[in-house]
Amino acid sequence: MSATPGAAPVGIDELLERVRATYERIGPAAAHSASLGGALLVDIRYQALRERDGLIPGALVIERNELEWRLDPRGSHRVPEATSHDLRIVVICNEGYASTLAAASLHALGLTRATDLTGGFQAWKAAGLPVTAAD
């Protein structure tokens, strides 16, 4: 994701478009199905949004600034679920923007099966999928 020296600056919309062309994003129904099949749903929203809107049952909450540290299977600060580079991960942010950049960062760590949820948590909720109140 780093800029090439001497390359022209790129705006965030173009960057998102470029990154999204490198993998297949999934919608709410596919994310739910993937989780039932063993994929790890990872909610990277910050606490205020989780408190306001709720949580996806079974999703692992890892705020964005800790994501790479927690999901790197070789990392000393990894979560127990980070068992291999072949792990299927679905990153979920609020509306599906930050999760794109997060998925790209996971790809750079070798977690090539990582993807993100198109439309984020708000799309999940709008689809009528399970949501619970935050504690």
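This is a predicted model: local features need pLDDT of at least 70, side-chain atom pairs count only at pLDDT 80 or more; totals for chains, interfaces and linings use all residues.
Residues are numbered from 1 along each chain as its sequence is written, and side-chain values use heavy atoms, with hydrogens and water left out.

Leu 71 belongs to the residues with the most contacts inside the largest nonpolar core, together with Val 42, Ile 44, Ile 62, Leu 67, Ile 89 and Leu 106; this core has 17 residues. A nonpolar core is a set of buried Ala, Val, Leu, Ile, Met, Phe, Trp, Tyr and Cys residues joined through side-chain atoms within 4.5 Å, and buried means under 20% relative accessible area, with exposed over 50% and partly exposed in between (1.4 Å probe, protein chains only). The elements giving two or more residues to this core are β1 (40-43), α4, β3 and α5. Helices (H or I, at least four residues) and strands (E, at least two) are DSSP runs, numbered from the N terminus. Apart from this core lies another, of eleven residues, among them Ile 26, Ala 59, Leu 117 and Phe 121. In soluble globular proteins, nonpolar side chains tend to be buried together.

Now turn to helix α5 (residues 98-108), which is mostly covered, with eight of its eleven residues buried. Those eight are Ser 99, Thr 100, Ala 102, Ala 103, Ala 104, Ser 105, Leu 106 and His 107. Their cover includes α1 (12-20), α4 (67-71), β3 (89-92) and β4 (114-116). Just after α5, Gly 110 takes a positive phi of about 95°.

Ser 99 counts as buried because its relative accessibility is 0%. Beyond its neighbours within four places in sequence, Ser 99 is in contact with Tyr 23, Ile 44, Val 91, Ile 92, Cys 93, Asp 116 and Leu 117. Ala 103 is buried too, with a relative accessible area of 0%. Not counting residues up to four places away in sequence, Ala 103 touches Tyr 23, Ala 114, Thr 115 and Asp 116. Ala 103 and Asp 116 are 13 residues apart along the chain, and their C-alpha atoms are separated by 6.3 Å.

How does α1 meet α5? The two helices pack at an angle of about 50°, with their axes 10 Å apart; axes are lines fitted to C-alpha atoms, for helices over the stretch in contact, and angles run from 0 to 180 degrees between N-to-C directions. That angle makes α1 oblique to α5, since angles under 35 degrees count as roughly parallel, over 145 as roughly antiparallel, 65 to 115 as roughly perpendicular and the rest as oblique. The contact is made by Ile 12, Leu 15, Leu 16, Val 19 and Arg 20 of α1 and Thr 100, Leu 101 and Ala 104 of α5.

Finally, look at Arg 25 in the loop between α1 and α2 (28-36). Arg 25 is buried, with a relative accessible area of 18%. Leaving aside neighbours within four places in sequence, the contacts of Arg 25 are Arg 20, Gly 96, Thr 100, Thr 115, Asp 116, Leu 117, Thr 118 and Gly 119.

Conventions:
Contact means heavy atoms within 4.5 Å.
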